[in-house]
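Here's a quick briefing to read alongside the model. Have a look first, then work through the points by topic.

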Amino acid sequence: MPGITVLCIDDEKYVVDSIRDYISDDYRCLAYDDPMVALEYLRSHRVEILIVDYRMPGLTGLDLLKEARKFEAYHTGLLLTAYADKDLLKDVLNNGLVDKALDKPLDLPRLKIELDYLAQRINRRREAEDKLKDIYRLLSAGGNDDFTFIGRDGDLSELWRQVEQVAPTEENVLITGETGTGKDVLARQIHALSSRADKPFIKINCGAIPATLIESELFGHEKGAFSGADRRKFGKIELAHRGTLFLDEIGELPLELQSRLLHVVEDKALERVGGTEKLPVDFRLISATNKPLEKLSKDEFRRDLFYRLSTVHLALPDLKQRRKDLPAHIRILTEKNCRLFGKSLMDICPRALDMLTGYSWPGNIRELDNVLKRVILMKADGQGTLLPEDFRRCLLEEKGSSPEAVDLAARQILSGQLSLQDLELALLTRLVDLCDGKIMEASRKTGIPKDRFYRLQDRNTP
Ligand SMILES: Nc1ncnc2c1ncn2[C@@H]1O[C@H](COP(=O)(O)OP(=O)(O)OP(=O)(O)O)[C@@H](O)[C@H]1O
Ligand SMILES: [Mg+2]
């Protein structure tokens, strides 16, 4: 069996030699006739299977197993015994020191069957662990997004100092900030800087899951807990064991689940829905919200939970309060999106850069990312530099029909920076965006004929 090492220890040399001869075609086999020497080897090496004789001078098989277990030197074991003492065996088996005991004189074919069985089990477990690692990797990665947190301007330098201090600790962190300010990115960054970095980062968005489902999403359920629960389900909290649990939009968590969550956070133990057993869980909690939790009434958000979640409170400022970081964001997002669309790297001309840094970015970095995506997608490859006119149709103040926005648009039209068609195009594009890209829905909600949206698509196609 590839990757499986068997270590045999018996003071009778011919026993270990005969085991080695019999199995060495299929296993890497190490044979020792001195238990002390074998133990010395096990102090610095790990093997998959130990075969140990019970009666040996100097050190019994049982003592050797106990010692080796302390430093996790083996995965599973077989005990050889000529003096079948039932109580002793029960003890060894119950303590999980070995999987099985085999009588001496040794039946080699029988031993080989047992070994093959154990090796298969080890391999299956390895496969399952690899699969789990893949799942963790998938769950931890935010799509293709690179999660390096960019920006050190103004308030962020103080915030960053706090992040560096708090990330390696076990403290619960609450991140607040408007939409698109980077709460998600920051949560992943804190995890990456923590001692749990190689363990799972599990996110659950409390606002995106119907209230009826969120309980079993978080806490898991037992088979038969409710109609439709045809098997056991592990909740996100359990999946975050030894890692980080990220509760996004925590302000949306229904009140009755808030108290359940509080208990889990305090006890570090949970009961699955429909379960009776308390399972220990070890997770670091990061929560995020764009709601001012401290201002919500106690019927909306429990005070005690708020204090628990916010041992450390990190408030992300809006993008317009950290304008000095804008050029870095623009450069990195331009590179990222050019790569995404398979286009060669584009520059931004200084006038366009001024335009972007002067804009108010109500949707923060997500809006910046979307604007750059749209512009880069539209720009023919090889045309090099992004110009003010490339951005003009995307950059309208978000407030739609507010006097400020109308005033701005009017001024831009007057000064020749914007045409009425551009304005229409930008408005219609935005309407479709607000309806999740669905033209039919935008048309139904606004009463604007769908043909106008389709014409817009034609105009947008290079
Ligand atoms: N500091 C940052 N550095 C790099 N990228 C960032 C940063 N902040 C935000 N982004 C990018 O902006 C987008 C939105 O960020 P994110 O999802 O973290 O925002 P959010 O605060 O969680 O928003 P929401 O409240 O809407 O969930 C992402 O594509 C992310 O890659
Ligand atoms: Mg988010």
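This is a predicted model: local features need pLDDT of at least 70, side-chain atom pairs count only at pLDDT 80 or more; totals for chains, interfaces and linings use all residues.

**A pair to start from**

Local features are reported here where pLDDT is at least 70, side-chain atom pairs count only at pLDDT 80 or more, and totals for chains, interfaces and linings use all residues. Residues are numbered from 1 along each chain as its sequence is written, while chains are lettered from A and ligands numbered from 1 in the order in which they are written.

- Strand S6 (residues 173-176) and S12 run parallel, joined by 4 bridges; strands here are DSSP runs of E with at least two residues, helices are runs of H or I with at least four residues, and both are numbered from the N terminus.
- The order across this open sheet of 5 strands is S7-S8-S11-S6-S12, with parallel pairing; strands pair if DSSP finds at least two bridges between them.
- S7 (201-205) and S12 (312-315) are the edge strands, each pairing on one side only.
- From one strand to the next, the twist in this sheet averages 20° (axes are lines fitted to C-alpha atoms, for helices over the stretch in contact, and angles run from 0 to 180 degrees between N-to-C directions).

**The other sheet and its helices**

- There's also an open sheet of 5 strands in the order S2-S1-S3-S4-S5, and its pairing is parallel.
- Its edges are S2 (28-32) and S5 (100-103), each with pairing on one side only.
- The average twist here is 20° from one strand to the next.
- S1 (residues 5-9) pairs with S2 in the parallel sense over 5 bridges, and Cys8 faces Ala31 in S2.
- Helix H1 (residues 13-23) lies across S1, S2 and S3 (47-53), at about 175° to S2; contact means that C-beta atoms, placed from the backbone, lie within 7 Å.
- Helix H3 (residues 61-70) packs on this sheet too, touching S1, S3 and S4 (74-81), and its direction makes about 160° with that of S3.

- Glu72 isn't a glycine, yet its phi is positive, near 45°; look for Glu72 in the loop between H3 and S4.
- Going from Lys104 to Pro105, the peptide bond is cis, with omega near 0°.
- Pro105 belongs to the loop between S5 and helix H5 (108-140).

**Domains**

- The chain is assigned domain 1 (5-129), domain 2 (155-315) and domain 3 (321-460), with bounds taken from an automatic or database domain assignment.
- Between the C-alpha centres of domain 1 and domain 2 there are 44 Å.

**Where H12 crosses H13**

- The axes of H12 (residues 326-340) and H13 (residues 350-358) come within 10 Å and cross at roughly 115°.
- Leu326, Pro327 and Ile330 in H12 meet Leu353, Leu356 and Thr357 in H13.
- That contact involves 5 nonpolar, 1 polar and no charged residues.

Note on methods
Two residues are in contact if their C-beta atoms, placed from the backbone, lie within 7 Å. Ala, Val, Leu, Ile, Met, Phe, Trp, Tyr, Cys and Pro count as nonpolar, Asp, Glu, Lys and Arg as charged, and the others, Gly among them, as polar.
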